[in-house]
Every structure is written in C-alpha cells, then in structure tokens.
Amino acid sequence: MNKEEIIKSNEDHFMTVFSGRLPIVVDRGQGVKVWDSEGNEYLDFLAGIAVNALGHSHPEFNQALKEQIDKVIHCTNIYYIEAQAKLNKLLVENSVGDRVFYGNSGAEANEGAIKLARKYFKVRDEERYEIITTTESFHGRTLATIAATGQKKYQQSFTPLPEGFKNVPYNDLKSLKEAVSDKTAAIMIEVIQGEGGVNVGTQEYIQGVRKLCDEEGILLILDEIQTGIGRTGELFGYQHYGIEPDIFTLAKALGNGFPVSAFLAKEEVAAAFEAGDHGSTYGGNPLACVAAYTTLNIILREGLVEHTAEIGRYFQERLNELVEEYEFVDSVRGKGFMLGLEVDLDAKALVGEALEKGLLINAVSETTLRFLPPLIVTEEDIDEVISILREIFVEKS
Ligand SMILES: *Cc1c(COP(=O)(O)O)cnc(C)c1O
C-alpha cells in the first residue's frame with residue numbers, strides 16, 4: 001500500500017477516535033531512530049509513549065523473541081511456563097513486590113490492582129471498596145479505569161461509571177485526607193503524572209500519602225505503568241521517595257513494545273486472592289514473558305537505570321538553557337527521561353514542526369511538550385534534539 005492508501009484506509013475504516021494522527025507512516029526503526037515509508041529519518045523521543053525502552057530493533061531482544069516464536073508462542077496458564085518463572089523471580093527480586101500477575105495492557109493491570117484491593121477488605125469482612133485517585137491522573141480506558149482517571153473528558157460520554165471512585169487534586173494532602181472515609185479501600189496515584197502533564201509528586205506528598213494509608217489501614221496502589229522500568233532514573237518511581245507501595249502496576253516499557261503488563265503486591269495483600277478470583281487467557285504467555293524478561297535483564301545488566309538518571313540530568317540542563325534563552329519557554333519538569341517542557345506557545349503545533357525537522361515528541365497539554373526517549377539515548381542524541389528545538393524557537397523570537 002502507498003502512503004495515501006494507508007491514510008485513506010484509516011479514514012474509511014478505522015474508528016474515529018484518533019483524529020490527530022501525524023501524517024507519516026512509520027516503516028522501521030533502529031536504536032533511537034525510525035524511518036517513515038518515504039525514507040525520512042526521525043529521532044524518536046517519544047518511544048511509542050514510554051514503551052521502547054531499549055530503542056528499536058535491539059539485537060538481543062529481537063533474537064530472544066525470534067527463538068521463542070519458533071519454540072512456543074502461547075499455551076495458557078493451565079500449564080507452567082519457564083519464561084514466566086524467570087520473570088517472576090527477576091521482578092520480585094528487584095522490587096518491593098512479593099507476588100505478581102500478568103496482563104496485556106496497562107488498564108488491565110490497574111483493573112487487577114483494584115480488584116485485589118477490594119478483595120483484601122472482603123476477606124477481612126470490612127465494607128471498604130472505594131478507591132481515591134487524583135484529578136489529572138491517567139489510569140486507562142476501561143470503564144473502571146476511566147472512573148479512576150480523574151479527567152472528565154475521558155468519563156463524560158460513558159456514564160454511568162462503575163461506583164466507588166473519588167478524584168481529588170494531586171499534590172494536595174489535605175484534600176486526600178478529607179476524602180478518606182470508612183469505605184475507602186485504597187489510594188491510587190502516579191508518583192509522576194504522565195498523561196496529565198508530567199506533574200511530579202513532591203516528597204512531602206508521596207511520603208504523606210504513604211503515612212495516611214498506614215494511619216487509616218488502607219492500601220497504597222502506585223500506577224507505575226509509565227514511571228516504572230527505569231524511566232525516571234530509578235527502576236521504580238517509588239524509590240525516589242523512600243516508600244513502598246502495597247500494590248503497584250507496570251506496563252509500557254515492561255515488554256519494550258510487546259504487549260505485556262503486570263501488577264505486583266506484598267505477600268499479605270496478594271494473599272487475599274483465592275483460586276478463580278482473577279485470570280487472563282494471554283496474560284503471562286511464553287512470548288510476552290520472554291519479551292519482558294529480556295527487556296528487564298538488559299536494562300539491569302547494561303546499567304540503563306543509572307544511565308537514565310545521569311543523562312536525564314544532562315537533558316534537563318540542556319532544556320533549561322532554552323528556558324534561559326527564550327521568554328516563551330517557561331520551565332522543565334520531570335525526572336530521568338520523563339520530561340515536560342512548559343511553553344507559552346501552541347504545543348501541538350510545535351509537535352508538527354518538530355516532526356518536519358525529524359524529531360518525534362508529543363504534547364500532553366496545550367502548552368506542554370513531552371520527551372520520553374528510549375533509555376539508551378546519549379548526550380549526542382540530546383544535543384541534536386536541543387538544536388532542533390532551538391531552530392524552531394529561533395523562528396519564533
Ligand atoms: C499508559 C498508561 C495507562 C494505560 O495503559 P494502556 O496500556 O494504554 O491500557 C495507565 N496508567 C498510566 C500511568 C499510563 O501512563
């Protein structure tokens with residue numbers, strides 16, 4: 001198919017939910033670069049929205065998947081799976097979780113986490129089922145997860161939503177305290193809100209939330225779907241705050257592009273689940289587990305978490321130069337390779353201009369540009385991005 005046919009097929013046959021697709025057809029990728037169907041080259045500083053942690057076409061990752069495809073792709077959790085066993089061990093040994101369950105998308109992991117929190121109180125004969133979340137959060141697109149997502153634009157067309165969710169402002173401990181009732185089962189937050197605009201939870205807030213949960217005897221669920229697996233310069237976002245969640249969820253970078261998600265919990269919490277309480281046909285299948293195991297193994301072995309912390313700081317410094325240079329560039333937010341640049345310009349238009357200059361980024365609000373590069377990017381890649389941004393900004397000043 002040529003480019004026009006591909007675009008037309010989307011217009012004619014695809015559900016009309018992605019109106020603002022950018023006018024390129026992605027053809028292939030290598031490392032931090034991707035090429036479109038016309039051979040144009042791009043620096044990929046979006047990584048499929050924080051997914052391609054190892055970059056594109058990582059040789060060891062691709063090889064591991066190819067070998068597994070020729071062995072067995074899927075079998076069902078009725079049988080034991082070696083790759084799953086290896087992944088369980090790697091995740092549990094490198095996190096505060098004691099038990100894990102696998103799904104296929106972020107929303108599905110959050111659904112599982114919510115079910116586990118409710119079950120935890122059912123087995124204790126306590127009528128606690130409510131989950132408190134924050135406004136500007138993002139937890140997924142299923143009915144329960146849009147109820148959890150504190151943004152009206154995702155909710156309003158789909159009411160009535162499942163009951164038992166309350167949304168309160170982020171980084172606001174007082175509102176959170178007021179929202180807790182004798183029906184509250186859990187507080188569910190992101191340590192850095194991703195889709196809501198790269199909003200960083202303060203030390204005081206995140207630690208305060210943990211303390212509040214302890215005082216009230218309720219559970220802390222961290223949605224680490226975007227912040228997890230090295231993205232912020234720690235393997236998991238909670239490590240920046242010196243706290244431990246009771247349940248946390250992973251997806252995005254976990255499979256480096258292969259659809260796989262997980263939720264992990266402390267033993268005492270996980271113990272609430274009994275046979276038959278949860279399940280998944282595909283979840284944790286051999287190919288998905290090889291993808292996740294290989295990704296995590298490479299990230300840990302190659303020191304990509306430390307690399308992200310170090311080069312992420314360099315990236316922030318370079319972005320801060322732009323803040324100094326241009327009055328319409330306001331501030332930088334984020335940690336590691338999860339960064340937002342606040343501008344006094346139309347961020348969506350800037351994304352289009354960046355695309356024309358060979359840079360893939362996106363906008364998380366009218367005025368926020370977001371950078372989520374693969375964890376492998378170097379200072380040279382960042383220098384290139386800064387010079388592209390400077391070219392765009394120079395034309396505006
Ligand atoms: C992307 C994301 C989700 C949803 O993941 P899907 O795989 O699209 O269902 C949930 N929570 C956070 C924090 C995310 O960034």
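Student: Which residues does Phe371 touch, not counting those up to four places away in sequence?
Tutor: Phe45, Phe315, Leu319, Phe337, Met338, Leu339, Leu341, Ile361, Val385 and Leu389. Contact means heavy atoms within 4.5 Å. This is a predicted model: local features need pLDDT of at least 70, side-chain atom pairs count only at pLDDT 80 or more, and totals for chains, interfaces and linings use all residues. Residues are numbered from 1 along each chain as its sequence is written, and side-chain values use heavy atoms, without hydrogens and water.

Student: How many residues are in the largest nonpolar core?
Tutor: 88, and Phe371 is one of those touching the most other members. A nonpolar core is a set of buried Ala, Val, Leu, Ile, Met, Phe, Trp, Tyr and Cys residues joined through side-chain atoms within 4.5 Å. Buried means under 20% relative accessible area, with a 1.4 Å probe and protein chains only.

Student: Which helix gives the most to this core?
Tutor: H11, with nine residues. Helices are DSSP runs of H or I, at least four residues, numbered from the N terminus.

Student: New topic. What is the domain assignment of the chain?
Tutor: Domain 1 (60-301) and domain 2 (303-396). Such bounds come from an automatic or database assignment. The domain centres, taken over C-alpha atoms, are 28 Å apart.

Technical notes. Buried means under 20% relative accessible area, exposed over 50%, partly exposed in between (1.4 Å probe, protein chains only). Helices (H or I, at least four residues) and strands (E, at least two) are DSSP runs, numbered from the N terminus.
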